[in-house]
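Keep the structure open as you read.

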Amino acid sequence: MSKIIRTFHNGNNEEVGQLTFEEKDDRLHVRSSASPGIDRRFRTEEGAANWWQSNVDPETGKIRRQRDV
């Protein structure tokens, strides 16, 4: 059974992702509403939220493209 811990919204207040706790594997999962989707597992809420802020476009819920340096 999963429990929603946090919901991520964009500037238009549309849901673009969720942080859930999954009892079956005792971990937190970050899931994106955007296609093709993201499903990453984390041990802490802080780690999951930091990963989301660093790697996901907050408006679309898609992983940001890595830019060449």
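A residue is called buried when its relative accessible area is under 20%, exposed when that is over 50%, and partly exposed in between (1.4 Å probe, protein chains only). A word on ground rules: the model is predicted, so local features need pLDDT of at least 70, side-chain atom pairs count only at pLDDT 80 or more, and totals for chains, interfaces and linings use all residues. Residues are numbered from 1 along each chain as its sequence is written, and side-chain values use heavy atoms, with hydrogens and water left out.

**The sheet**

Helices (H or I, at least four residues) and strands (E, at least two) are DSSP runs, numbered from the N terminus. Two strands pair if DSSP finds at least two bridges between them. On those terms, four strands make an open antiparallel sheet, in the order β1-β2-β3-β4. The edges belong to β1 (2–9) and β4 (39–42); each has a single partner strand, so one side of each has no neighbour in the sheet. On average, neighbouring strands are turned by 20 degrees against each other, direction ignored. Angles like this come from axes, which are lines fitted to C-alpha atoms (for helices over the stretch in contact), and they run from 0 to 180 degrees between N-to-C directions.

Here is how the strand pairs line up:

| β1 and β2 | seven bridges | Ser2 and Glu22 |

Two hairpins are worth a look on screen. The hairpin of β1 and β2 has five residues between the strands, and Asn13 takes a positive phi near 60 degrees there. In the hairpin of β2 and β3, with four residues between the strands, it's Asp26 that takes a positive phi, near 55 degrees.

**A buried glutamate**

Glu22 sits in strand β2. Is this residue buried or exposed? Glu22 counts as buried, with 6% relative accessibility. Its side chain makes a polar contact with the side chain of Arg31, at 2.9 Å. (A polar contact is a pair of N or O atoms within 3.5 Å; within protein, one must be able to donate a hydrogen and the other to accept it, and residues adjacent in sequence count only if both atoms are side-chain atoms.) Leaving out residues up to four places away in sequence, Glu22 touches Met1, Ser2, Arg27, His29 and Arg31, where contact means heavy atoms within 4.5 Å.

Helix α1 (residues 45–55) lies across β1, β2 (15–22), β3 and β4, and runs at about 20 degrees to β3. Ala48, Ala49, Trp51 and Trp52 are buried in α1. These residues cover an arc of only 160 degrees around the axis, so they are on the same side of α1; the arc is that of the directions from the helix axis to the C-beta atoms. The buried residues of α1 pack against β1, β2, β3 and β4. Turn to the other side of α1 and you'll find Glu46, Gln53 and Ser54 exposed.

**Aromatic pairs**

Rings of Phe, Tyr and Trp (its six-membered ring) pair if their centres lie within 6.5 Å; planes under 30 degrees apart count as stacked, over 60 as edge-to-face and the rest as tilted. How many aromatic pairs does that give? The count is two. Phe8 and Trp52 are stacked, 4.3 Å centre to centre with 10 degrees between the planes. This pair links distant parts of the chain, with Phe8 in strand β1 and Trp52 in helix α1, 44 residues apart. Both Phe8 and Trp52 are buried. Phe42 and Trp51 form a tilted pair, 5.8 Å centre to centre with 50 degrees between the planes. Phe42 is buried, with a relative accessible area of 15%.

**After the helix**

Arg64 belongs to the segment after α1 and is partly exposed, at 36% relative accessibility. A polar atom of the Arg64 side chain lies 3.1 Å from the backbone oxygen of Ser54. Not counting residues up to four places away in sequence, Arg64 touches Gln53, Ser54, Asn55, Val56, Asp57 and Pro58.
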